[in-house]
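Please walk through this structure, beginning at the ligand and ending with the chain as a whole.

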Amino acid sequence: MRILLLGLPGAGKGTQAQFLIDRYRIPQISTGDMLRAAMKANSPLGNEVRGYMDRGALVPDHLVIELVKERIKAPDCKTGFIMDGFPRTLPQAEALRQAGIDINFVIEIEVGDGEILRRMSGRRVHLTSGRSYHIEFKPPRVPGKDDVTGEPLIQRSDDNEDTVKRRIQTYHEQTKPLINYYLSWASSGDPRAPHYVNIYGRGSVEHIRDKIFAAIESHTARIQGNEK
Ligand code: AP5
């Protein structure tokens, strides 16, 4: 199963990806996590992207497209993957399509801009795994520590209010057009087109998780019923 998560920064893509990993046993491909790991390692890629990420701008398309194409070749992606944060521009989506990497589900998690600012100020992350928490809405079992490893949680450098506002603006300008791109592809009758799902992203993380599972599973059952 190949799933693509779409939504504003802070909509809950990373949070829901963790549930999808457990349910479907497929890996998460988070371009944000991959780029942060490159920065932490001070690799040439990390040094090239640092400026873009720190100011809430998107990293140039060719860099992320190459990163994702390489990642998808790994054996753990054979049975599927969850794309979190990619594609984020029309050229990225086209690159995926031209490469023949078909997606089963595009899941848009819809949350208003005001809610995002509230969420980001309380977010704490475990950098190595990408697991994210919220001091109020999804607190770790031990304050300041990752539930799985017990390692310290940090606040991301791009989670300050000014950068979050710029990231929201970047989403509206460059990523939001993907909604129409996938909606019109989904309704075109093309058998390669992904199924598009819109999920309202306010409510408990478990409630949103259940809505996503229900959407995936009802569509899968319908397809399997039609094939019989
Ligand atoms: P990236 O790391 O992808 O960040 P993002 O898209 O901005 O998304 P986030 O990780 O901030 O949010 P999320 O939706 O995963 O929310 P989360 O689940 O953590 O990208 C960072 C940067 O990398 C970009 O700005 C860009 O520079 C670069 N980049 C990455 N990919 C790129 C690409 N393809 N092309 C070019 N550049 C790229 O949740 C947020 C908070 O809310 C958490 O605290 C969580 O606990 C809480 N929360 C979650 N759900 C709920 C809920 N239902 N109710 C209350 N709180 C909730």
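In this predicted model, a polar side-chain atom of Thr-15 lies 2.6 Å from an oxygen atom of the ligand; a polar contact here is a pair of N or O atoms within 3.5 Å, and within protein one atom must be able to donate a hydrogen and the other to accept it, with residues adjacent in sequence counted only if both atoms are side-chain atoms. The backbone takes part too: a polar backbone atom of Gly-12 is 3.1 Å from an oxygen atom of the ligand, and a backbone N or O atom of Gly-85 is 2.8 Å from a nitrogen atom of the ligand. On its own the ligand has 1000 Å² of accessible area, and the protein covers 97% of that (Shrake-Rupley method, 1.4 Å probe; for residues, only the protein chains shown count as cover).

The elements that give two or more residues to the shell around the ligand are α1 (13-24), α2 (31-40), α6 (113-121), β6 (132-134) and α9 (205-227). Helices (H or I, at least four residues) and strands (E, at least two) are DSSP runs, numbered from the N terminus. The largest share of the shell, four residues, comes from α2. There are 36 residues around the ligand, and Thr-15, Ala-57, Arg-88, Arg-123 and Tyr-133 come nearest; a residue is near if one of its heavy atoms lies within 4 Å. By class, the shell holds 15 nonpolar, 12 polar and nine charged residues (Ala, Val, Leu, Ile, Met, Phe, Trp, Tyr, Cys and Pro are nonpolar, Asp, Glu, Lys and Arg charged, and the others, Gly among them, polar).

Two loops have backbone features to inspect. Pro-87 lies in the loop between β3 (81-84) and α5 (90-98), and the peptide bond from Phe-86 to Pro-87 is cis, with omega near -5 degrees. Arg-25, in the loop between α1 and β2 (28-30), has a positive phi of about 55 degrees although it is not a glycine.

The chain has nine helices and seven strands. Its radius of gyration is 17 Å, close to the 17 Å that the globule rule gives for 228 residues, so the chain is as compact as a globular protein of that length (taken over C-alpha atoms; the rule is 2.2 Å times the number of residues to the power 0.38). The C-alpha atoms fill a box of roughly 50 × 35 × 35 Å along the principal axes.

Residues are numbered from 1 along each chain as its sequence is written, and side-chain values use heavy atoms, with hydrogens and water left out. Local features need pLDDT of at least 70, side-chain atom pairs count only at pLDDT 80 or more, and totals for chains, interfaces and linings use all residues.
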